[in-house]
Amino acid sequence: MKVLIVVDAKYDIENVRLACTRLGLEQPLMLPNLHMLSGVVESERIPALSGTTGVLSIETQRDFQIPPPDSEVQ
Amino acid sequence: MPVSKTIVFVPGSPERRAARRLSGRYIVTFEQGAHPQVSTGLLAANFRAATALAKDAKTAKPLPRGHFLLLEHAGIGVVDPLPGQEADLHALAQSENAIVALEPERIVRAVNLAISGDYVRGWRDSSIALAEKLLAEDQAVSAVAAAPPAATWGLIMTNVLQSRYSGSPIKLAVLDTGLDLAHPDFANRNITTQNFVGDNTPFHDGVGHGTHCTGTSAGPLKPTQGPRYGIAFDCDIFSGRVLDDTGRGGDFNILQGIDWAIGQHCDLVSLSLGAPWVPGDPPFSQAYEAAAQRALTAGCLLVVAAGNDADDPQYVGAVGTPGNSPSVLTVAAIDNTMATASFSNRQTPQAPGVKGPDLAGPGVDVYSSWPVDGGKYRTISGTSMATPHVAGIAALFAQANSGIRGQSLKDLILSNCSDLPNASFRRDEIGHGLVRAP
């Protein structure tokens, strides 16, 4: 499951990334200006990740899809 | 045989109908010559035919409820369904091939100058400018009437033509399907691009949506052809390709784009995308709200579409993600009669806690740039089109007020909106009203 993790601005994002990977977060990617992480994790590990120091919230990623180019409303 | 039909529902509540100036009746459009079978279909659905008045009739009579009247030569009719008849009417519209459209009847009135003086002045000024140009070129005066307008209705109605601002040196990011860099209208502009879609292609626009939105927000003062359609004609454009050639993108692509825009010190980010809200969803995404707040702290304002689900029976029509984030500037769509577009998402009791739009922008029949291999220009509708109107005007505000960014820029834009007719009946649709250029 692809997730987005909002990291508390008070905490070093690299430290939080390390903590999350130890708890099962894979393919971690950082958004340095937004102080956020993304990654892949099994759903049953999400509660443990939520409780990690420095993690403010964790949610599943969604996809966006705009209508086809010949649609009247886009 | 029509290829597609337009079928639009009349809202159920009298308040919503009044806010949108709908009578509750329907206008049915059908192929010419097909009135006998349309009439047969309506009679079979238990509607009754009204009798047309004699040509020399001195008084008119109202159409009784449950009746219809067809105008044979025009291929148009009016139907007033009784409660319980609406479903049958819609079923007939779907199944009868000769019916091209079924739409709510609008109540129209003369434009009130006190409300739309700016609109009329804008139209006057653009007509004068066009007339002077044609007369200087020794064209026949009658050509003025047939000539295209000097600017799109959206730029006229939002006071852009009267603005002395160009958007320079504001940095405006558009996160979308990319931009056609070969389009002649974007020559000689400061454009920074970045591709966030991992499809191993160079930066481009394989769809058109991104080129259209960039055109509205930042298109040229003098396009290579046709009317002016762009607002911040001298801003610095930052184009992030976050949606692929099928128009699809994930949260991470979009957030990467926002992260990049902040890193580039952009003042504004225009986001004409969203995912519909469905019951069970939280009122907003924690991730997008955090992103929006962190952007504001960095002096960057996110301008986001409210979404286009209000006409779609599978959704409740609430503002989608990320438009429903409290800290973004959320944009609804109006048409050129100042009515709320029927597709424009809004605040609704079916989505408790989900914010409504903050303001509205022109979002119906919007002409703007399009990839060269798709015809160079196109007219389409959507809150996607209203959003770059607000982003472009926000760039003009940012230029006019060098110390005002982020939340204070958002507040300034909202406090300068112009009121729309029946505004107090449709705050849930239009928020503070129509965006207005400084």
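The dialogue below turns to cysteines and then to chain A.

Modeller: Please keep in mind throughout that this is a predicted model.

Biologist: How many disulfides does a search of the whole structure find?

Modeller: A disulfide is called when two cysteine sulfur atoms lie within 2.5 Å. Here the search over all chains finds zero.

Biologist: Are C213(B) and C266(B) buried or exposed?

Modeller: A residue counts as buried under 20% relative accessible area. C213(B) is buried, because its relative accessibility is 2%, and C266(B), with a relative accessible area of 3%, is buried as well.

Biologist: What pattern of helices and strands does chain A follow?

Modeller: Chain A has two helices and five strands, and along the sequence they run β-α-β-β-α-β-β.

Biologist: How does the radius of gyration of chain A stand against that of a compact globule?

Modeller: For 74 residues a compact globule would come near 11 Å, whereas chain A has 15 Å. Along the principal axes, the C-alpha atoms of chain A fill a box of roughly 50 × 30 × 20 Å.

Biologist: What share of the residues of chain A counts as buried?

Modeller: Of its 74 residues, 43% count as buried, while carbon and sulfur atoms hold 52% of an accessible surface of about 3900 Å² for chain A.

Note on methods: Residues numbered from 1 in each chain as written. Chains lettered and ligands numbered in written order. Predicted model: local features only at pLDDT ≥ 70, side-chain atom pairs only at ≥ 80, totals over all residues. Heavy atoms only, no water. Buried < 20%, exposed > 50% of the residue type's maximum accessible area, 1.4 Å probe, protein only. Helix = DSSP H or I, 4+ residues; strand = E, 2+ residues; numbered from the N terminus. Rg over C-alpha atoms; globule rule 2.2 N^0.38 Å. Areas by Shrake-Rupley, 256 points an atom, 1.4 Å probe, with all protein chains shown as cover.
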